[in-house]
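Hi,

Here is the structure I said I would pass on.

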Amino acid sequence: MYYIGLDVHKRTISYCVKDAAGHVHSEGKIGSTRRELDVWIKTLPQPRMIAMEATIFTGWIYDHLLPHAEKVKVAHPLMLRAIAASKKKNDRIDAGKLADCLRCDFLPECHMATREIRDRRRTLRYRNLVIKQMVQMKNRVSGLLLETGVSYNKQRLHKVGYFAELMTTNKEVQESIRPLLQLSREMISRSQKLEYALVSSLERDPLLQERLRRLRTVPGVGPITALTWALEIGDYTRFSSIKQAISYCGLCGDEKSSADKVMRMPISKQRNKHIQRVLIEAAKLAPRQSHELALIHARELERGNRNRATLAVARKVVCYMLAVERRQQDFVPAEEFSRTVAA
């Protein structure tokens, strides 16, 4: 078996090929294009395994090399301490260390979702960008009105009818800001239509449709939460326990223990930030829709502050969604489940 380490960059890829004994078979640098990869892969000995670090360019390289190797593995960048802490660091050395980690089975491998899931995840994250820009534009509209001393109804400002009424009847709106306000309103409208089109296309996708329907039976889980869970989690079977899923979602703190001393740290930064944000927002509304979640929220609220209660609800929602995924059944509240078992 030959072990190949790739140090991937935007325009070039440094590679190092080693045999099982650790001897360098070949090393060098090629361009980051499909044509050059095809020419290069034909010159390599077989059988072979390939390892690379997770970057923004990893996806297409992973897909392109997968048919040409026994295995292609992607390393978690935060776990590659041997490379990050090196005194001497360059592309050639990094590629060699990746090959050594792969050869010795020390590579901190991260999960690589299927191409179908990654393509749909890209659409969802593009929707997040659209929402972010739309919110910025809404804040800009409010800022323009505040700068010029225009009084307005904050709750109704971004309604189409109220905005048109404000522009036509409110004499406080100066002529200097009218073109900017109109342009901002048009951009907000376009963003809303684009956001609706993106979400609708994902909801109608045959690959996700049934899965989304089951997830939405969980209290507090709406279309965006269900989509984010399905596309950010991907294959739910990779989590052997609920604790692993909660940790991946960023709903627990770090732990540092030495000897008999255990220290609980704040919420970990090593998480999927996209699903963490959505779950926290869903957990703020979920207690209104479920008696069980309301009890959890009230109990944790007595022990600590509101943030602690929200985290407890979010963790319970993760448990519910993971259970729905594993059983491939709709969510059933505890009261109904108890009555069904008793009958």
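Below is what I found in it, going from the whole chain down to single residues.

First, a caution: this is a predicted model, so please read everything here as computed from that prediction.

**The chain as a whole**

The protein chain has 14 helices and seven strands. Along the principal axes, its C-alpha atoms fill a box of roughly 80 × 65 × 45 Å. The radius of gyration is 26 Å, whereas a compact globule of 343 residues would come out near 20 Å. Of the 343 residues, 43% are buried. If you take the contacts with a separation of 6 or more, 55% of them are between residues 24 or more positions apart. The chain exposes about 20100 Å², and carbon and sulfur atoms supply 52% of that.

**The largest pocket**

Next, the pocket. The largest one has a volume of about 1700 Å³, and 45 residues line it. If you want to find it on screen, go to C110, H111, R121, R125 and Y248, which lie nearest its centre. Which helix gives the largest share of the lining? That is α5, with six residues. Helix α5 covers 115-147, and the other elements that supply at least two lining residues each are α2 (58-65), α10 (242-248), β6 (253-258) and α11 (273-285). Sorted by class, the lining has 16 nonpolar, 14 polar and 15 charged residues.

Is R118 buried or exposed? It counts as buried, because its relative accessibility is 12% and the cut-off for buried is under 20%. Setting aside neighbours within four places in sequence, R118 is in contact with G59, Y62, D63, M112 and A113.

V218 sits in the loop between α8 (209-215) and α9 (223-233). With a relative accessibility of 2%, V218 also counts as buried. Beyond its neighbours within four places in sequence, V218 has contacts with Y320, M321, V324 and F331. The C-alpha atoms of V218 and D330 are separated by 7.9 Å, although these two residues are 112 apart along the chain.

**Some backbone details**

Now for the backbone. Most residues other than glycine have a negative phi, and most peptide bonds are trans.

- Q46 and P47 are joined by a cis peptide bond, with omega at about -5°. P47 is in the loop between α1 (34-41) and β4 (48-53).
- D105 has a positive phi, near 60°, and is not a glycine. You will find D105 in the loop between α4 (91-103) and α5. D105 counts as exposed, because its relative accessibility is 60%.
- Q328 is another non-glycine residue with a positive phi, of about 55°. Its place is the loop between α13 (306-327) and α14 (334-342). At 38% relative accessibility, Q328 counts as partly exposed.

After that, look at V218 and its contacts, among them Y320 and F331.

Happy to go through any of this with you.

Best wishes

Conventions:
Residues numbered from 1 in each chain as written. Predicted model: local features only at pLDDT ≥ 70, side-chain atom pairs only at ≥ 80, totals over all residues. Heavy atoms only, no water. 1 Å grid on protein atoms, 1.4 Å probe; cavity = no way out; pocket = protein on both sides within 12 Å on 5 of 7 lines; lining within 4 Å. Points joined across faces, edges and corners; volume = space filled by probe spheres on them. Helix = DSSP H or I, 4+ residues; strand = E, 2+ residues; numbered from the N terminus. Nonpolar A, V, L, I, M, F, W, Y, C, P; charged D, E, K, R; others polar. Rg over C-alpha atoms; globule rule 2.2 N^0.38 Å. Buried < 20%, exposed > 50% of the residue type's maximum accessible area, 1.4 Å probe, protein only. Contact = heavy atoms within 4.5 Å. Areas by Shrake-Rupley, 256 points an atom, 1.4 Å probe, with all protein chains shown as cover.
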